[in-house]
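Here are my notes on this one, as numbered points. Have the coordinates open while you read.

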Amino acid sequence: MTVAAAALETRAINAWRGDRHVLEDLSFSVAAGECCKVTGPNGVGKTTLLRVLCGLLVPESGEALWRGRPVSGLDADYSAELAYLGHANALKTDLTARENLKYLVGVRRTLAAIEIDGALDRVGIVDCADLPVRVMSAGQRRRLSLARLWLWPAVLWILDEPATNLDAAGLTLVESLIRDHLERGGVAVVAAHQRLLDNDARVRRLELE
Amino acid sequence: MSEPAGLIGAMRLVVRRELTLAWRRWDEVTQPLIFYLVVTTLFPLATTPELAVLRTVGGGVVWVAALLSSLLALESVFRSDVEDGTMEQWVLSGQPLAWLLLAKVVAHWVMTGLPLVLVSPAVAAALGLPGSVWPVIVTSLALGTATLSVLGGIGAALTVGVRRGSVLLSLLVLPLAMPLLVFGARSVEQSLAGQSAAGPLQLLAAMFFLAWSLGPLAMSAAMRISVEG
């Protein structure tokens with residue numbers, strides 16, 4: 001599998017949430033080294049779109065293609081290349097930061113303790129490594145879930161509001177994280193309403209209305 | 001460094017995670033056991049302390065209490081994982097969801113079903129059941145609660161996105177659990193009458209194998225529907 005062929009494409013996606021037609025004939029494509037920033041007001045269907053792209057939601061019509069093949073949450077090959085950061089952090093509040101990463105990432109790949117420390121250090125919460133997530137702030141929790149992105153060698157990143165609850169430094173962190181990913185030839189789809197990655201030629205905006 | 005985790009490794013990790021969580025939330029995890037003990041203790045108080053009478057209903061009481069308390073525990077088996085987004089990550093982990101859910105149900109049974117099985121000789125003694133029927137009670141409850149864990153797991157996976165899912169879960173699962181109750185109580189009754197309990201126990205074992213072989217597939221299909229909702 002060559003990274004050069006990595007590209008995400010959608011063809012005329014239509015999706016309803018209840019009786020609302022949130023995604024109407026949506027077609028776009030993102031090539032390797034590119035980021036698609038999905039913007040739009042709350043409730044416009046950003047999360048729905050990202051879930052469709054992950055294969056977690058089947059659209060009423062149309063399809064999303066990864067490397068030319070329709071995506072599906074059932075497809076282990078697709079999952080292996082995908083990192084999804086939902087608006088929920090997928091953290092257990094009774095576990096420590098370190099344990100959360102160990103158990104969540106460990107299901108996917110073998111993981112050495114030193115890698116966990118490295119990732120926690122990178123997101124700036126290595127001091128909280130052995131604290132239960134219960135006592136961490138919302139921003140620290142978001143940073144912890146961002147740490148997964150270091151530990152999963154994914155080509156396609158689908159990030160739902162990655163900078164929620166983050167301070168200015170956290171915003172810079174997310175930006176550098178995504179830039180590094182694009183540098184490596186990765187693909188990213190990011191839903192955001194902050195001024196994230198505003199002046200970057202590799203970032204294309206997709207405005208949902 | 002980044003080789004994919006093997007299936008067995010992933011399942012072991014899920015079990016360890018569940019046990020760690022249970023250890024930190026022991027007050028929550030022991031609730032079904034307390035419920036079981038309270039219900040079985042209330043029976044003699046409400047009916048009669050006469051051992052001869054208690055003995056005739058003892059097997060049924062033990063089984064009904066175990067069934068309800070298992071069901072009580074099963075309602076929330078997947079809830080927190082679905083609400084906090086862990087389940088989505090499992091679906092997308094590239095590991096077969098059925099096996100991950102199976103590991104979770106095994107851990108859940110170890111925490112809630114196994115304690116019921118282990119205390120049941122004491123409960124049986126309190127209800128005046130002679131020591132000769134304890135092995136049958138323990139065997140039948142072990143098979144029954146383990147089968148119920150899978151049946152309840154399917155129901156819980158289906159109803160996890162539903163508010164007030166617990167009533168719906170009971171309506172879904174109790175009819176399926178009726179054979180367990182019937183044969184479980186029957187095995188205790190036969191053993192009490194001095195007959196061999198092999199027949200009902202074998203039927204329980206058959207249901208156990210059916211549930212554990214096909215149940216995980218049904219659980220993962222049900223979970224996909226819930227997560228995709």
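**Notes on helix packing, core and interface**

1. α7(B) and α10(B) pack with their axes 8 Å apart, at an angle of about 110° (axes are lines fitted to C-alpha atoms over the stretch in contact, with angles running from 0 to 180 degrees between N-to-C directions). That makes α7(B) roughly perpendicular to α10(B) (65 to 115 degrees). Helices here are DSSP runs of H or I, at least four residues, numbered from the N terminus.

2. Bear in mind that this is a predicted model: local features need pLDDT of at least 70 and side-chain atom pairs 80 or more, while totals for chains, interfaces and linings use all residues. Residues are numbered from 1 along each chain as its sequence is written, with chains lettered from A and ligands numbered from 1 in the order written.

3. Which residues make that helix contact? From α7(B) come Leu97(B), Ala98(B), Trp99(B), Leu101(B) and Leu102(B); α10(B) supplies Pro216(B), Leu217(B), Met219(B), Ser220(B) and Met223(B). Contact means C-beta atoms, placed from the backbone, within 7 Å. By class, nine are nonpolar, one is polar and none is charged.

4. On to the core. The largest nonpolar one has 135 residues, and Ile158(A) is among those with the most contacts inside it (buried Ala, Val, Leu, Ile, Met, Phe, Trp, Tyr and Cys residues joined through C-beta atoms within 7 Å; buried means 20 or more other C-beta atoms within 10 Å). α7(B), residues 97-126, gives the most to this core, 13 residues.

5. Finally, the chain contact: 27 residues come from chain B and 29 from chain A. On the chain B side, α1(B) has the largest share, seven residues.

Methods:
Two residues are in contact if their C-beta atoms, placed from the backbone, lie within 7 Å. Helices (H or I, at least four residues) and strands (E, at least two) are DSSP runs, numbered from the N terminus. A residue is buried if 20 or more other C-beta atoms lie within 10 Å of its own, exposed if 12 or fewer, and partly exposed in between; C-beta atoms are placed from the backbone. Angles under 35 degrees count as roughly parallel, over 145 as roughly antiparallel, 65 to 115 as roughly perpendicular and the rest as oblique. Ala, Val, Leu, Ile, Met, Phe, Trp, Tyr, Cys and Pro count as nonpolar, Asp, Glu, Lys and Arg as charged, and the others, Gly among them, as polar.
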